[in-house]
Amino acid sequence: MQNDGQWIDRFEGLKSLPPDLRAALVSGSSVVSLEEGTQIFAPGQSADNLLLLLDGTVRVQQKSETGREVFLYRVQAGESCVLTTACMLAFEDYAADGVAETDVRAVTIPRETFDSLAAKSSVFREFVFKAYSRRITDLFTLIDDIVFQRMDVRLAARLLDLATDNVVHATHQMLGTELGTAREVVSRTLSEFQRRGWIEQHRGEIRLVGREGLQRLVHSAGEM
């Protein structure tokens, strides 16, 4: 796909690149489109391209030796994939999966371009490390949630976060992966939410019919 460089202005940290480095970034990168469900990276693969997302979402998750999946984070439009950044900086292979949750359009910056810009440009380095720092903070929050927070509160907060027009398109298994718990735990908790009149469950979707109740639960635990 044509790379005219206009995408640079969608990333706040890259807007101030000087013209010569801006041109180097454009000429040394490419814009790609990926279909929903495409596996972008997998454990054991080398990290050869930094991913900057223009449209869509990418889900990053890790699988344990027992087969349990744990959701780590999503890359949204306007963000970079910090796991890729970490792997490129450390010359390590991926230890997690990255999957396109929707159709995706992204900029790929190959290692040669990445290394060159990181060496020459303080603006580019600041962009990379700011994104890295923000995501590390998010991951510490995730660990805190998994270890210390009640599951009903975490599930209520996740439903509120994922809902579009009060509808969440997700299976119990998907929500279990998001929250790092078993599908059965999610199912029991959702059944209780339904008993309280907060949700209605349909195949592949959950309707928030009592959003206020979910919000009260989350507020009571200081989550929002």
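This is a predicted model: local features need pLDDT of at least 70, side-chain atom pairs count only at pLDDT 80 or more; totals for chains, interfaces and linings use all residues.
Which helix does arginine 111 lie in? Arginine 111 sits in helix 3, which covers residues 111-120. Residues are numbered from 1 along each chain as its sequence is written, and side-chain values use heavy atoms, with hydrogens and water left out.

Start with the whole protein chain. Its secondary structure comes to eight helices and 10 strands. Both kinds of element are DSSP runs numbered from the N terminus: helices are H or I with at least four residues, and strands are E with at least two. Along its principal axes, the C-alpha trace spans about 60 × 35 × 30 Å. Of the 224 residues, 42% are buried (buried means under 20% relative accessible area, exposed means over 50%, and partly exposed is in between, using a 1.4 Å probe and protein chains only). Now look at contacts, meaning heavy atoms within 4.5 Å. Among those between residues at least 6 apart in sequence, 69% join residues at least 24 apart.

Back to arginine 111. With 19% relative accessibility, arginine 111 counts as buried. Its side chain reaches the backbone oxygen of alanine 47 at 3.5 Å. Leaving aside residues up to four places away in sequence, arginine 111 touches Ala47, Asp48, Cys87, Met88 and Phe91.

Two names from that list are worth a visit. Take Phe91: phenylalanine 91 is in the loop between helix 2 (82-90) and strand 6 (97-100). Its phi is near 55 degrees, a positive value in a residue other than glycine. At 61% relative accessibility, phenylalanine 91 counts as exposed. Asparagine 166 also has a positive phi without being glycine, with a value near 65 degrees. You'll find asparagine 166 in the loop between helix 5 (151-162) and strand 8 (167-168), and at 31% relative accessibility it counts as partly exposed.

The other name is Cys87. A disulfide is a pair of cysteine sulfur atoms within 2.5 Å, and the structure holds zero of them. Cysteine 81 is in no disulfide, and its nearest cysteine sulfur is that of cysteine 87. Cysteine 81 is buried at a relative accessible area of 0%, and cysteine 87 is buried too, at 5%.

Next, head over to arginine 74 in strand 5 (residues 69-75). Is arginine 74 buried or exposed? Arginine 74 is buried, with a relative accessible area of 13%. One partner is the side chain of glutamate 101, at 2.6 Å. Another is the side chain of glutamate 178, at 2.3 Å. Beyond four places away in sequence, the residues touched by arginine 74 include Val58, Arg59, Arg135 and Leu162.

Glu101 and Arg59 turn up again in the lining of the second largest pocket, along with Glu36, Thr57, Gln61, Glu69, Val99, Thr102, Met174 and Thr177. Strand 4 (58-63) and helix 6 (172-179) each supply at least two residues of this lining. By class, the lining has two nonpolar, four polar and four charged residues (Ala, Val, Leu, Ile, Met, Phe, Trp, Tyr, Cys and Pro count as nonpolar, Asp, Glu, Lys and Arg as charged, and the others, Gly among them, as polar).

One more stop: glutamine 39 in strand 2 (residues 39-41). Glutamine 39 is partly exposed, with a relative accessible area of 45%. A polar contact of 2.6 Å joins its side chain to that of aspartate 97. Not counting residues up to four places away in sequence, glutamine 39 touches Asp97, Gly98 and Val99, and Val99 is one of the residues lining the second largest pocket.

Methods: On a 1 Å grid over the protein atoms alone, a cavity is a set of points where a 1.4 Å probe fits but cannot get out, and a pocket is an open set with protein on both sides within 12 Å along at least five of seven lines; lining residues have an atom within 4 Å of a point. A polar contact is a pair of N or O atoms within 3.5 Å; within protein, one must be able to donate a hydrogen and the other to accept it, and residues adjacent in sequence count only if both atoms are side-chain atoms.
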